Amino acid sequence: MLGSDGLEQAQSKKNVFSRERQLQQPTLDLPPSFKPDVRNQSDGLIFLQSLQATSFPLCIFDPQYRGVLDRQKYGNEGQRQKDRARLEQMDDELIGHFITAIDRVLIGSGHLLLWLDKYHLCTGVSSWIGSTDLEIVDLIVWNKMRIGMGYRTRRTSEYLLVLQKKPLRAKGVWKAHDIPDVWNEKLAQRGGHAKPVGLQSRLIDCLTNPGDMVIDPAAGTYSVLEACKATDRHFLGCDLQG
Ligand SMILES: C[S@@+](CC[C@H](N)C(=O)[O-])C[C@H]1O[C@@H](n2cnc3c(N)ncnc32)[C@H](O)[C@@H]1O
């Protein structure tokens, strides 16, 4: 039997999980050169630098990694990989600059969802986040349910790192408690680097309020814009390719 102290403790432990979001997005003053809910053609760093500080609850960032293909000496890239290789690549230093700029524009307890390749999952991201207020709070594996290429094993998954800007808290911020950390979603044929709209929609719904604005500084096929439309959120983002 729990005494009244034990009962209180058990209840307060239970309350760590909340289905309410208490975090609000502040009123925004948007830069005139970037329009919400459309594709904007721009360098993502210029975009981020134009945004007011401490203003956005959520950024989804999917860098154009090249390193893993170079490092593993893939010689047998198919046409799709050749198309990817033609996209502007980001080196580690540039990705670090993006993440520092994202940290500046997130509100306290806001989130960065960072798509990672296997190489960076294994080698770590500490050099990108060391001088920021961001900390890793979770990891989701996306099972693409489609067998891909690989020099040794064949790739079927990608990784989504969940980072939160300090102060770290889940209660009143993370409101869905049924999202599995291995997410199965097969894409209909889209761009080779498109990310799953279903997973991104669930996370946007969990980490923002209806009407909030989500940012993406390297939007590619604009899967985050699609996820924002599906969840009644606003989108602000760009890509070098438009
Ligand atoms: C992996 S893709 C993003 C895919 C996207 N998440 C989706 O679901 O379609 C990375 C994108 O970064 C873009 N990119 C590369 N360097 C950039 C930069 N400096 N500023 C903005 N976009 C950039 C590339 O053009 C590419 O479309």
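Q: How many residues surround the ligand, and which are the closest?
A: In this predicted model, the shell around the ligand divides into seven nonpolar, eight polar and five charged residues. The ligand is surrounded by 20 residues, and the closest are Gly44, Asp62, Ala218, Gly220 and Thr221.

Q: In what order do the strands of the open sheet stand?
A: The secondary structure of the protein comes to nine helices and seven strands. The open sheet is made of seven strands with mixed pairing, and their order is E5-E3-E4-E2-E1-E6-E7.

Q: Why is one side of strand E5 and of strand E7 left without a neighbour in the sheet?
A: In the order E5-E3-E4-E2-E1-E6-E7, strand E5 (182–184) and strand E7 (234–237) stand at the edges, so each of them has a single partner strand. Neighbouring strands of this sheet are turned against each other by 25° on average, direction ignored.

Q: Which residue in strand E7 is the bridge partner of isoleucine 215?
A: Strand E6 (residues 213–216) pairs with strand E1 (residues 56–61) in the parallel sense over two bridges, and there leucine 58 stands opposite valine 214. E6 also pairs with E7 in the parallel sense, over four bridges. In E7, the bridge partner of isoleucine 215 is leucine 236.

Q: Are the residues on the two faces of E6 buried or exposed?
A: Met213 and Ile215 lie on one side of E6, while Val214 and Asp216 lie on the other. Both faces of the strand are covered, and these four residues are all buried.

Q: What angle does the direction of helix H8 make with that of E1?
A: Helix H8 (residues 197–207) packs on the sheet, where it touches E1, strand E2 (106–116), strand E3 (134–143), E5 and E6. The buried residues of H8, among them Val197, Leu199 and Leu203, pack against E1, E2, E3, E5, E6 and H9. The direction of H8 makes an angle with that of E1 of about 160°.

Q: Against which elements do the buried residues of helix H9 pack?
A: Helix H9 (residues 223–231) has as its buried residues Ser223, Val224, Leu225, Ala227 and Cys228. Just after H9, aspartate 232 takes a positive phi of about 65°. The buried residues of H9 pack against E1, H8, E6 and E7.

Q: Is isoleucine 95 buried or exposed?
A: The place of isoleucine 95 is in helix H5, and, leaving aside its neighbours within four places in sequence, isoleucine 95 is in contact with Pro63, Met90 and Trp128. A residue counts as buried if 20 or more other C-beta atoms lie within 10 Å of its own. Isoleucine 95 has 21 other C-beta atoms within 10 Å, and therefore this residue is buried.

Methods:
Residues numbered from 1 in each chain as written. Predicted model: local features only at pLDDT ≥ 70, side-chain atom pairs only at ≥ 80, totals over all residues. Pairing = 2+ DSSP bridges. Axes fitted to C-alpha atoms, helices over the stretch in contact; angles between N-to-C directions. Contact = placed C-beta atoms within 7 Å. Buried ≥ 20, exposed ≤ 12 C-beta atoms within 10 Å, placed from the backbone. Near = placed C-beta within 6 Å. Nonpolar A, V, L, I, M, F, W, Y, C, P; charged D, E, K, R; others polar.
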